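Please keep the sequence and the model at hand while reading.

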Amino acid sequence: MLLIFVPIITKRIEYVFSHIFKEISGIDYTLTTEKAVFSNSSQPKFSYSKTPLDNELFFHAEGLLEQAEVNPFVPETGHFQNIITLFPNSNEASALPYDIFSAVFFMLSRYEEYLPFTPDKHDRFEAAQSLAFQFGFLQEPVVDLWIKQLAGILKSAFPDLKFREKKFIFTPTYDIDIAYAYRCKGFLRSSGGFLKDAFTGNFSNFFTRLKVILNITTDPSDTYDYQFGLQKKYELHPVYFFHPGTYGKFDKNCSPENKNIRKLLQSISNHADLGIHPSYLSSGKTEMLAAEIGRLEKASGRKITKARQHFIRISLPETYQNYIKNNITDDYSMGFATETGFRAGTSEPFYFFDLQKNEETKLLIHPFALMDGVYIQYHPATAEEIPEKIRPLIAQVKALNGTFISLFHNNTFCDTPEMRHWRDIYEEIIKFAMK
């Protein structure tokens with residue numbers, strides 16, 4: 001048992017200490033504001049305040065966790081043991097030269113995403129606007145590294161304190177934006193596709209579309225057997241996020257009511273967990289999300305409690321508040337569409353803290369660090385370069401016994417000249433993660 005003195009117990013303090021000690025470290029702890037109780041205790045203990053009470057193990061507090069409102073500011077940065085830090089201090093009595101608890105809270109709460117920013121064309125908070133990108137630590141799971149520093153200090157001060165033994169976890173995930181390139185499109189969409197191919201002179205597409213519709217050849221985006229084969233070969237436990245088929249400018253999937261789509265959903269459910277990939281316009285729209293979840297549940301016969309936003313289009317706190325209203329318990333949207341790395345500074349799952357309401361929720365956030373689109377759309381690289389860029393991300397998480405989540409799409413594995421190399425890239429990533 002660990003005893004922790006704080007001048008005041010706030011919801012922010014409860015949240016951060018719960019994450020670090022209960023969720024990550026597996027250590028029982030008690031918070032107290034009673035100086036006499038703390039001073040008279042002989043158990044492992046430390047204080048977190050502006051100044052120490054006596055000669056105890058002490059961590060300097062900057063004051064962020066005592067607040068309840070959101071104020072515009074940018075935290076200062078520093079370095080400790082070659083790791084970038086936030087909220088540095090010069091208090092010589094402090095066991096760390098930075099306020100680790102404020103730093104963890106700032107990153108996990110996504111404090112900066114509640115402040116004014118210029119959204120991109122999809123109304124998203126861009127990676128380039130994040131503190132992690134601007135100061136060059138987006139590719140480092142700094143929260144996990146800070147907690148490791150804290151653990152080192154506590155283990156040295158209290159050798160009998162038992163920390164949870166963690167194991168590295170690799171979780172592949174798939175977004176099914178468009179289940180098939182040509183199948184299940186219906187007469188009007190298929191006719192429009194044929195006309196477009198003919199007018200643009202794309203006769204390769206024209207004849208491939210025709211062969212697929214006539215069941216002469218396999219649909220190019222039907223890569224599911226390939227994925228299921230990898231899952232069996234490497235004993236993977238993936239999560240699939242299926243678009244509910246709400247048609248629009250950025251939503252092109254087939255309806256879950258289509259018999260072939262229902263068959264595909266059943267097959268996916270037999271091999272993996274199934275979640276929803278809510279439509280582009282659903283973020284913050286309670287009734288729309290509820291209808292989409294109901295449509296997917298009816299088609300799949302599965303209860304849907306996991307979600308990842310289409311286009312990674314999340315807006316805090318509205319998107320997550322919408323999830324909670326619709327009984328979504330696990331989100332996998334915490335990452336950037338344009339960059340690899342750790343949007344919240346961590347590889348570990350963490351509970352969403354609603355800064356607007358100043359309270360912890362039961363929505364568990366599973367951050368992803370790698371998305372195929374980064375190297376397909378935003379930072380094109382060769383088949384040799386991509387694994388070299390990804391390995392350091394995985395290696396850092398493995399060294400910390402964290403959780404590495406990847407995000408790929410079914411059409412990334414198409415057996416076409418322009419995409420064929422991705423199968424080799426993906427399997428190389430899996431091998432590196434699993435060895």
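## How α1 meets α3

In this predicted model, helix α1, which covers residues 11-25, packs against α3 at an angle of about 95°, and the two axes lie 10 Å apart. Because angles of 65 to 115 degrees count as roughly perpendicular, α1 is described as roughly perpendicular to α3.

On the α1 side the contact is made by R12, Y15, V16, F17, H19, I20 and F21, while α3 contributes F101, V104, F105 and L108. Sorted by class, the residues of this contact are nine nonpolar, one polar and one charged.

Helix α3 spans residues 100-108, and nine of its nine residues are buried, so the helix is largely enclosed by the rest of the structure. The buried residues are I100, F101, S102, A103, V104, F105, F106, M107 and L108.

Just after the helix, R110 adopts a positive phi of about 55°.

## Helix α5

Helix α5 runs over residues 142-157 and has 16 residues; from its first C-alpha to its last it reaches 23 Å, which is close to the 22 Å expected at 1.5 Å a residue. Several residues of α5 are buried, among them V142, V143, D144, L145, W146 and I147. Further along α5, Q149, L150, A151, I153 and L154 are buried as well.

Methods: Residues are numbered from 1 along each chain as its sequence is written. This is a predicted model: local features need pLDDT of at least 70, side-chain atom pairs count only at pLDDT 80 or more; totals for chains, interfaces and linings use all residues. Side-chain values use heavy atoms; hydrogens and water are left out. Buried means under 20% relative accessible area, exposed over 50%, partly exposed in between (1.4 Å probe, protein chains only). Helices (H or I, at least four residues) and strands (E, at least two) are DSSP runs, numbered from the N terminus. Axes are lines fitted to C-alpha atoms, for helices over the stretch in contact, and angles run from 0 to 180 degrees between N-to-C directions. Angles under 35 degrees count as roughly parallel, over 145 as roughly antiparallel, 65 to 115 as roughly perpendicular and the rest as oblique. Contact means heavy atoms within 4.5 Å. Ala, Val, Leu, Ile, Met, Phe, Trp, Tyr, Cys and Pro count as nonpolar, Asp, Glu, Lys and Arg as charged, and the others, Gly among them, as polar. The expected span of a helix is 1.5 Å times one less than its number of residues.
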